[in-house]
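Okay, thanks for coming, everyone. Today I'd like to talk about charged pairs, so let me put the model up.

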Amino acid sequence: MQIQKHPAEKEINKLVRIWEKSVKATHDFLKSGDIAFYRPFVEEFIHRVKIYTATEKGRTVAFMGLSDDCIEMLFVSPEKRKSGYGTELLNIAIYDEGIRKVDVNEQNTQALNFYLSKGFEIAGRDDTDGFGKPYPILHLQLPQAEVIETARLRLRPFSIGDLQAFHTICSDGQIADAGGWKRHMSEDESKGIMCEYFLNRKDVWAIELKTGGGLIGAIGFNADTRRSNPDARNLGYWLGRQHWGHGYMTEAAKAATACAYTKLGIGFVTAACFTGNHRSYRVLEKCGFIKEGVLHFSVKDENGSFRDEYIFYLPK
């Protein structure tokens, strides 16, 4: 598979043919004459959006069109459906272009289920399409954390623009050791981790100073794998070393936990830190967490040694 941006003008007719074949295979709700009606508008629109194409052995088999903030078109030749082309193009839209929105025909259940399986949520609905035809449109978007402001900090959603600062912090061995994870060795590694665990999350925030300067840390909730309770969420966080000692993480943790049981609807909030991590221990104490005890030999570090953890919970 080869992905190409901005195809040559001679490719446009091929894209229109892919659109038509795909629509005939998936839009069985359309009436006679609808495809002929839409075709000239599609031909015009292809020239107005940013186009990516996917080719196989030199033949274009799928394409995607993007506006500034929305996936406007994503079509795959019927014979190449379920071959990964749609997912590859979608990943470019989300993780390289930072796109979070897409509109889809409500009756096109194949496309709808595809986007829902990729984490999109229904945010709105129109009874007709943009031409007034009786084909309802669903407005989908990826989840995103609500912005929270404190006295000195701004907690906001992560974006792909945070990658360089994210890598700089996560490649710091001292920070990685405090968190119990292997420090990042390349920006590509950081991008993969950021895309999987930090982007498009309602319960994960990037931390920055209100005075500016970009990303300085992260905080959020993940499933507590130490417990069988499916409603338990573990608070995790890290902060760039140059910002230690100013009370920033305590300020961020108080803001995040304040909405855990209310806006986020988390059933049970927990936390953990290594027994030697006194900074993190003090943060959790100041935020009202109660220590339950010590979980011995709980985490294996990259040197093969097992480390003990203090285990906490936050009363409602």
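Here's one to start with: does Glu 309 count as buried or exposed? Buried, because Glu 309 has 5% relative accessibility, and buried means under 20% relative accessible area, exposed over 50%, partly exposed in between, with a 1.4 Å probe and protein chains only.

Quick housekeeping. This is a predicted model, where local features need pLDDT of at least 70 and side-chain atom pairs count only at pLDDT 80 or more, while totals for chains, interfaces and linings use all residues. Residues are numbered from 1 along each chain as its sequence is written, and side-chain values use heavy atoms, with hydrogens and water left out.

Back to Glu 309: it makes a salt bridge with Arg 226, closest N and O atoms 2.8 Å apart (that's a side-chain nitrogen of Lys or Arg within 4 Å of a carboxyl oxygen of Asp or Glu). Those two are 83 residues apart, with Arg 226 in the loop between strand 11 and strand 12, and Glu 309 in strand 15. Helices (H or I, at least four residues) and strands (E, at least two) are DSSP runs, numbered from the N terminus. Arg 226 is partly exposed, at 37%.

In total we have 29 salt bridges. Another one pairs Glu 97 with Lys 5, at 3.8 Å. Glu 97 lies in the loop between helix 3 and strand 5 and Lys 5 in strand 1, so this pair ties together parts 92 residues apart in sequence.

Last one: Glu 149, exposed at 52%, bridges to Arg 154, which is partly exposed at 27%. Shared partners join both into one network with Arg 156, Asp 162, Glu 208 and Lys 210.
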